[in-house]
Amino acid sequence: MLREKLSIVRHFMHGTAWSVYHIVVVALSAWIALSLPTVARSFHTLWSLVENNMIYLVAVEMTAAIVLIVTFNYLHRSLRDRTLAKMATGAGLTAFSPWRELSAQRRVRKFKEKQGTGRTVMVIGSTGYGTFVDQEGDLYTVLEKCMGAHILLVNPYTHEARNRIDAILHPHFTLETFQKEVRESIALLKRLKATGKAVKLKLYSDPPLVKLAILGDYIWLKHYHTDLDVQTMPEYVFQHNLKDHGLYNLFYQYFMQRWDHPEIPEYDFETDELVYRGHKGNEILRERFERGKEAEDVRQEQGFFPELLSMSPRLGRSAMTISKSQPDR
């Protein structure tokens, strides 16, 4: 009953607003029409003074030239901005943030929370600590309200992680800190999985390229610079549309290819092991997290295939356990 009354009041106010708008437009038009004779007489009197005074005449000409220049520049910029806006819309780009104020950060956090609630969140990051472990992170509340999460993070016990730390050259961000942040991210994901959420984590070994979060119809993207903190990099937002030329589809496919890549192992939250799977999802190899240095050396060799890991004599039984399931044929 209350909703029906509010709906009636809303429709009444909407109709009244349109009626007032039309009345104002008609009244303004009548006022302009009645004022034209007075304006014409005033202009004729002013022009009689200007045409007999050279200084006034030059001032009017310069003013007219300035007004024309400003007007044409404004029109040119408007057309250029409209063209760029059309291109951005076609690419699916809906927002760009070179830097954020605190108020903008709160709005972005609320928008991400709205898009991620009740959905499966897909994220590519470095350690994940500043994204969803820290209470100030953009996805801190999102993971609490999402249905599930597919997370890709950097394996902190690889050469690439060490190279990443050495390149940033931050006095307070060491390799030990990097490894600690990844472990805290894993602990948070374990807690979320224990509550019944469909949480999966995979750890990749190559240097991080993009910080990417897929929340429903929106993708949030940052670029990992080789020697800069990702928090200082601009953020782009792409929206899904039905057109084939939108960049949303490109980055979505990028995530899926990374997620399904057989060289990127899945983290087993129960045993703290890295699980390698074949193209059909069959389990091929397990190695203990933080103890996979020998397996890492093999993966760096040319011509590496996950199906061949179980046959390599360089991998000791103490570093991994081989699944009893048959490999993909």
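Me: How many aromatic pairs does the count come to?
Reply: The count comes to 10 aromatic pairs. Rings of Phe, Tyr and Trp (its six-membered ring) pair if their centres lie within 6.5 Å; planes under 30 degrees apart are stacked, over 60 edge-to-face, and the rest tilted. This is a predicted model, where local features need pLDDT of at least 70 and side-chain atom pairs pLDDT 80 or more, while totals for chains, interfaces and linings use all residues. Residues are numbered from 1 along each chain as its sequence is written, and side-chain values use heavy atoms, leaving out hydrogens and water.

Me: What kind of pair do Phe111 and Tyr218 form?
Reply: Phe111 and Tyr218 are edge-to-face, at 5.0 Å centre to centre with 80 degrees between the planes. Phe111 belongs to helix H3 (residues 102–116) and Tyr218 to strand S6 (residues 218–223), so this pair ties together parts 107 residues apart in sequence. Helices (H or I, at least four residues) and strands (E, at least two) are DSSP runs numbered from the N terminus.

Me: Is Tyr218 buried or exposed?
Reply: Tyr218 is buried, at 15% relative accessible area, whereas Phe111 is partly exposed at 29%. Buried means under 20% relative accessible area, exposed over 50%, and partly exposed in between (1.4 Å probe, protein chains only).

Me: And how far apart are the ring centres of Tyr248 and Tyr252?
Reply: Their centres are 6.2 Å apart and their planes at 10 degrees, so Tyr248 and Tyr252 are stacked. Both lie in helix H8 (residues 247–259), four residues apart, about one turn of the helix. Tyr248 is buried at 7%, and Tyr252 is partly exposed at 27%.

Me: Which residues form one aromatic cluster?
Reply: Tyr157, Tyr267, Phe269 and Phe289 do.

Me: New topic: which ring does the charged end of Lys202 sit over?
Reply: That of Trp259, 4.7 Å from the ring's centre. Likewise, the charged end of Arg258 sits over the ring of Tyr204, 5.0 Å from its centre. The rule asks for NZ of Lys or CZ of Arg within 6 Å of the ring centre and within 35 degrees of the ring normal.

Me: Now the lysine. Where does Lys112 lie?
Reply: Lys112 is in helix H3, and at 3% relative accessibility Lys112 is buried.

Me: What is Lys112 in contact with?
Reply: Leaving aside neighbours within four places in sequence, Lys112 is in contact (heavy atoms within 4.5 Å) with residues including Asp138, Leu215, Trp220 and Glu235.
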